[in-house]
Amino acid sequence: ACFAASSANRRPITAGSTKILPSSRPNAASPLRERTGSGSYMKEETRMLRSVVRMAIVGAGTWGENHARIYQAHPMAEPVAICDQNMAKAQALAERLGIAEVYQDYQVMLRQCDCDAVAIVTPDFAHAEIAVAAARAGKHIYVEKPMATEFDGLVRAVDAVKGAGTVVQVGTQLRSLPGIVGARDLFRTGIFGQLSRVEECRNSEKPYWYRYLKEVKEEDVDWKEFLSGRPMRPFRADLYSGWYGYYEFSKGPTPGFGAHFIDMMHFITGARFPTSCVCLGGICTWKDEHAFTNPDCIQATWLYPEGFLVSIANNMGNAAGNTRKFYGDKGVLNVDNWAAPTYDCGGAPRRDGTIRGKNDVKPVDHPDHFLNWLQCMRSGETPNASIDAGYQHAVAVIMAMESYETGRKTIYDPVKRKITTA
C-alpha cells in the first residue's frame, strides 16, 4: 500500500490515499542519464530527467533516516518515498520529514513510485536481492555495505546491475574521505616499500547490536517478509530490532565493520581479491537472555597475491587495543584516525631516510560519497565505490565467514568466480 503526507503541515499519514504530492523542488529537465527497461533487464537508452534526483529509501531505521536527511539537505536530491516492513516506523519517519509516500513492500514501491534512484538501507541479508530488483526496474542504486552476505546473491546482484547499466554506489564511504584519497596517492609513490601486513583491531566494551534493541509490535511488522524465506518462527522483538546480533541475519562484525576496512585497503593499495582466508571466533563475553549468535570476538586473516597479509580482529569484550596500520619495509601508514592519517618509518627494516619523523598525510579534495554518486548519474562515469568495488569487498568478507562456519581455509578463484574450502 502507498500512503501520502503533506510536507507543508506534516499532518498524520493516513491509509487509503495514493496521491503523490507535487515536489517543492525544481523539476526542470537536465541531462541526467537513465536506462529504461526492456523485459527483465534494460536496454541502453539516454533521456532527459529531472534536475533533482527523486530518491526512494528502503529501510526506515537509523541509517535510513540518515539517508533521508542527507538527501533532504542536498540540492541535487529529494526523498520522495520510504519503504519498511515495519509500517508504523516508516509512517513515523515520513511524518517527521514530510516525505510523500510510504510502502511496506519494496516490489510494490518499485512498480508504483515515480523515483529515479533507490537507497538500500536494510538488514544486511536483504541488500543483494533488493539490488537485483532495483536494477531490473531501471533505478540507480545506493546500497549499504556489505554488498551481500551470501556469494550466490552477490553474483546475481552484480550481474543484474551490469546487465542493466545502472549507476551504483556502494556505501563504503571511507574511500571518498580526503585523507584516504591522500593516503592512496601517497601509497602509489612507493614510499612505504613492500607491504607485509595490513591490520585493523576494532574493539569495544560491548557489541554494537545491543544499542538497536527496542520494543516492536508484531502487528506493525510483516514478519514473514522480514524472514525472507528463512524458517518461520514466533515473532521476537529482539530478533527484529537487534538483527545485527544474529548470525542468520548479519554474520557479525567481520562483514559489518570489516567491509569498510577491506574496501579502504583495496582502494589504497589497488589490491582486488585475496587468494585465501582463515577465520576463527566465538561468543566469549556476552551471553544473556537475547541469545545472540554472532561472535563477540573474531579474527580473520587474508593472503593477497601482491604478497601481504590482511588481518581484521574484533574484540567486543574489551575496548583496548584499537589500531589500523599498513606495515611496509620502508614505512608505516597509520589510519587509526581515518579522517587524518599519518605516516612514519617506525620498525621498517629498509627505511632509506625518505620518511623522517611522524608526518600528516596530505588530504586530497574529493566530492563526498553521495555527491560523487549523483554526479556520476549525470556524467555516466564510474562512481568511487562502484559495483566492482562492492563485489571485491564482499568476496573477502564472505570468504571469512565461510571459513568461520567450516573451520577450514577458503580459496577464491577470480576467473571462475568461485569460493572453495581447502
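This is a predicted model: local features need pLDDT of at least 70, side-chain atom pairs count only at pLDDT 80 or more; totals for chains, interfaces and linings use all residues.
Residues are numbered from 1 along each chain as its sequence is written, and side-chain values use heavy atoms, with hydrogens and water left out.

Now for the rings. Rings of Phe, Tyr and Trp (its six-membered ring) pair if their centres lie within 6.5 Å; planes under 30 degrees apart count as stacked, over 60 as edge-to-face and the rest as tilted. By this rule there are 27 aromatic pairs. One of them joins Phe-151 to Tyr-391, a tilted pair with 6.4 Å from centre to centre and 40° between the planes. Phe-151 sits in helix H5 (residues 151-164) and Tyr-391 in helix H12 (residues 387-406), so this pair ties together parts that are 240 residues apart in sequence. Helices here are DSSP runs of H or I with at least four residues, strands are runs of E with at least two, and both are numbered from the N terminus. Both Phe-151 and Tyr-391 are buried. Back at our opening residues, Tyr-208 and Trp-209 make an edge-to-face pair, 5.0 Å centre to centre with 70° between the planes. They also belong to one aromatic cluster, together with Tyr-210, Tyr-212, Trp-243, Tyr-244, Tyr-246, Phe-257, Trp-286 and Phe-292.

Next, look at how some helices pack. For these values, axes are lines fitted to C-alpha atoms, for helices over the stretch in contact, and angles run from 0 to 180 degrees between N-to-C directions. Helix H1 (residues 62-73) packs with helix H2 (residues 87-97) at an angle of about 25°, and their axes are 11 Å apart. That makes H1 roughly parallel to H2, since angles under 35 degrees count as roughly parallel, over 145 as roughly antiparallel, 65 to 115 as roughly perpendicular and the rest as oblique. Which residues make the contact? On the H1 side they are Gly-64, Glu-65, Ala-68, Arg-69 and Gln-72, and on the H2 side Leu-93, Arg-96 and Leu-97; contact means heavy atoms within 4.5 Å. By class, this contact of H1 with H2 divides into three nonpolar, two polar and three charged residues. Here Ala, Val, Leu, Ile, Met, Phe, Trp, Tyr, Cys and Pro count as nonpolar, Asp, Glu, Lys and Arg as charged, and the others, Gly among them, as polar.

Ile-180, Val-181, Ala-183, Arg-184 and Phe-187 of H6 meet Met-264, Phe-267, Ile-268 and Thr-269 of H10. The contact of H6 with H10 has seven nonpolar, one polar and one charged residues.

What about helix H4? Eight of the ten residues of H4 (residues 127-136) are buried, so the helix is largely enclosed by the rest of the structure. The buried ones are His-127, Ala-128, Ile-130, Ala-131, Val-132, Ala-133, Ala-134 and Ala-135. Just after H4, Gly-138 takes a positive phi of about 85°.

Most residues other than glycine have a negative phi, and most peptide bonds are trans. The peptide bond from Lys-145 to Pro-146, however, is cis, with omega near -10°. You'll find Pro-146 in the loop between strand S10 (140-143) and H5. Ser-228, which is not a glycine, has a positive phi of about 50°. This residue lies in the loop between helix H7 (223-227) and helix H8 (237-241), and its 27% relative accessibility makes Ser-228 partly exposed. Lys-251 is not a glycine either, and has a positive phi of about 70°. Lys-251 sits in the loop between H8 and helix H9 (253-256) and, at 10% relative accessibility, counts as buried.

Finally, meet two threonines. Leaving aside neighbours within four places in sequence, Thr-172 is in contact with Lys-145, Ala-259, His-260, Asp-263, His-369, Ala-385 and His-393. Thr-323, in strand S16 (residues 323-328), counts as buried at 13% relative accessibility.

How values were computed: Buried means under 20% relative accessible area, exposed over 50%, partly exposed in between (1.4 Å probe, protein chains only).
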